[in-house]
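Have the sequence and the 3D view open, and try each task before you read its solution.

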Amino acid sequence: MLLFVFLSSSLAIAFIVKRDWDNLNERQQAQTELNTQLASDYFKKELAEAQNITESIESGTVGNSGDSAKFAKTAKYMVKKYPDISTLYR
């Protein structure tokens, strides 16, 4: 009888531990998916802004026929409009 109680208790404890382990893994998976989505959204925004900056520099250069004096003026404007652009030349 004592062996039956011990085995039943062991089985119940094993079941509880497995259920808790599975719940923990599910929560970690959900957190990982959320972190991945947040990082993806952040990088999409950064890439879109970088593309806008690149296109603006391109149009400014083409519009000024490659004149470096006019490009310097355009570059100053770009730095004011997009403060993060300064990281491109560091």
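Helices here are DSSP runs of H or I with at least four residues, numbered from the N terminus. Keep in mind that this is a predicted model.

**Exercise 1.** Find how Asp 22 and Lys 18 are placed in the helix, and what joins their side chains.

*Solution.* Start with the position: both Asp 22 and Lys 18 belong to helix α1. They are 4 residues apart, which is about one turn of the helix. Next, look at the side chains: these meet in a salt bridge, with 2.9 Å from N to O. Finally, check the cover: Asp 22 has 30% relative accessibility, so Asp 22 counts as partly exposed.

**Exercise 2.** Decide whether Arg 19 and Asp 20 form a salt bridge, given a cut-off of 4 Å between the nitrogen and the carboxyl oxygen.

*Solution.* First, take the closest N and O atoms of Arg 19 and Asp 20, which are 3.8 Å apart. Then compare with the rule: the atoms must lie within 4 Å. Arg 19 therefore forms a salt bridge with Asp 20. By this rule the count comes to 2 salt bridges.

**Exercise 3.** Work out which residues make the nonpolar surface patch, and where Val 5 sits.

*Solution.* The patch is made by Met 1, Phe 4 and Val 5, and covers about 390 Å². Val 5 is found in helix α1, which runs over residues 2–63. With a relative accessible area of 43%, Val 5 is partly exposed. Patch residues need over 30%, so Val 5 passes that cut-off.

How values were computed: Residues are numbered from 1 along each chain as its sequence is written. This is a predicted model: local features need pLDDT of at least 70, side-chain atom pairs count only at pLDDT 80 or more; totals for chains, interfaces and linings use all residues. Side-chain values use heavy atoms; hydrogens and water are left out. Patches are made of residues with over 30% relative accessible area and no salt bridge: like charges are joined within 9 Å, nonpolar side chains (Val, Leu, Ile, Met, Phe, Trp, Tyr) within 5 Å. Accessible areas come from the Shrake-Rupley method with a 1.4 Å probe; for residues, only the protein chains shown count as cover. Helices (H or I, at least four residues) and strands (E, at least two) are DSSP runs, numbered from the N terminus. Buried means under 20% relative accessible area, exposed over 50%, partly exposed in between (1.4 Å probe, protein chains only).
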